[in-house]
Amino acid sequence: NHTVHGFILLGLAESPGMQLPLFGVFLLMYMLTLLGNVGMMALVRSDRGLHTPMYFFLSHFSFVDACYSTAIMPNMLASLASGSKDISFMGCVAQLYSFVLFGIVECYLLAIMAYDRYVAVCNPLRYVAMLPQAVCVQLVTMSYILGVLYAAVYTGCMFGGSFKKSNIIDHFFCDVSPLLKLLGSDKFIRERVIFAFVSINGISTSGIIVVSYLYVLSAVLRMRSTQRRSRAFNTCASHMMVICLFYGTGFFMYLLPSSSHKGLDKVASVFYTLVTPLLNPFIYCLRNREVKEAF
């Protein structure tokens with residue numbers, strides 16, 4: 001065990017000839033991600049018809065998506081452009097903290113948005129009364145506070161002890177799983193603390209989502225009008241697609257044993273860290289009549 005002063009990120013491409021093509025692809029993805037998410041934030045802010053709890057949460061979700069992608073993509077693009085795979089110790093700490101922070105905030109925002117859909121479908125006449133602006137602000141603020149605290153715990157557990165002699169990270173950013181492989185003799189305790197907090201976050205947010213949509217499904221099945229059913233399903237469809245994308249790849253990466261991944265870790269990581277933030281704003285735009293009309 002020794003003190004590590006920096007890390008080497010192996011990245012996605014082993015062949016030098018693939019560096020520039022990947023740089024072009026990911027630069028385009030990053031630009032579209034920023035354009036889509038910042039555009040969604042600007043649209044919600046500028047159109048008075050979108051000043052509702054649902055779009056208030058969606059604007060913060062877009063902000064978190066833009067930050068989530070920015071925590072990883074610029075360093076990755078710089079590495080592909082220059083060929084340098086080095087990242088400093090503090091750079092790795094900052095990247096992991098930012099990634100975990102915005103990932104956790106996104107989980108809680110998805111849970112809040114599920115509750116929002118429950119209120120909209122099951123209690124439409126009390127929607128504004130149950131989710132006044134003050135309550136919406138408090139829910140979003142609590143998401144950020146929990147993200148800051150949990151990210152500090154994860155980062156402290158990961159970098160608060162010793163590492164093995166290897167400082168090579170077989171990944172394109174400082175993620176939890178590849179860093180755990182480099183931990184030293186005190187690895188067991190730190191792994192258990194991280195696993196406990198991951199479980200708390202996963203169970204609490206996914207539990208809220210599941211319970212909310214069970215109530216929504218029950219309410220929809222009781223509706224006699226086919227038109228009302230269709231409208232209710234359209235109201236929830238975009239959110240359900242985003243949940244499936246985010247939690248599906250997250251479940252694959254962090255809950256399934258690494259032996260079952262069969263070398264797909266980097267592919268799954270690209271999907272939930274880079275592709276999902278790119279797709280989210282377009283899913284909401286294409287599936288949502290109010291957003292299209294406002295645009």
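Colleague: What should I know about the model and its numbering before reading any values?

Modeller: This is a predicted model, in which local features need pLDDT of at least 70, side-chain atom pairs count only at pLDDT 80 or more, and totals for chains, interfaces and linings use all residues. Residues are numbered from 1 along each chain as its sequence is written, and side-chain values use heavy atoms, with hydrogens and water left out.

Colleague: How many helices and strands are there in the protein?

Modeller: Helices (H or I, at least four residues) and strands (E, at least two) are DSSP runs, numbered from the N terminus. The protein has 11 helices and three strands. Their order from the N terminus is β-α-α-α-β-α-α-α-β-α-α-α-α-α.

Colleague: What does the radius of gyration of the protein say?

Modeller: The radius is taken over C-alpha atoms, and the globule rule is 2.2 Å times the number of residues to the power 0.38. For 295 residues that rule puts a compact globule near 19 Å, and the protein, at 20 Å, agrees with it. Along the principal axes, the C-alpha atoms fill a box of roughly 65 × 40 × 35 Å.

Colleague: Which share of the residues counts as buried?

Modeller: Buried means under 20% relative accessible area, exposed over 50%, and partly exposed in between (1.4 Å probe, protein chains only). Of the 295 residues here, 45% are buried.

Colleague: How do I check the length of a helix?

Modeller: The expected span is 1.5 Å times one less than the number of residues. Helix α1 (residues 19-46) has 28 residues and should span 40 Å; its end C-alpha atoms are 40 Å apart, so the two agree. For the 18 residues of α2, the reach is 26 Å, close to the 26 Å expected. Helix α4, with 34 residues, reaches 50 Å, close to the expected 50 Å.

Colleague: Which residues of α1 are buried?

Modeller: Among them are Leu22, Phe26, Met29, Asn37 and Met40. Helix α2 is mostly covered, with 14 of its 18 residues buried. In α4, 24 of the 34 residues are buried, so that helix is largely enclosed by the rest of the structure.

Colleague: Take Ser62 in α2 (residues 53-70). What does Ser62 touch beyond four places away in sequence?

Modeller: Ser62 touches Asn37, Met40 and Met41. Two of these, Asn37 and Met40, are on the list of buried residues of α1. Ser62 itself is buried, because its relative accessible area is 2%.

Colleague: Where does Lys181 lie?

Modeller: Lys181 is in the loop between α7 (176-180) and α8 (187-222). At 54% relative accessibility, Lys181 counts as exposed. Apart from residues up to four places away in sequence, Lys181 touches Lys164 and Lys187. Its C-alpha is separated by 9.7 Å from that of Ser166, 15 residues away along the chain.

Terms used: Contact = heavy atoms within 4.5 Å.
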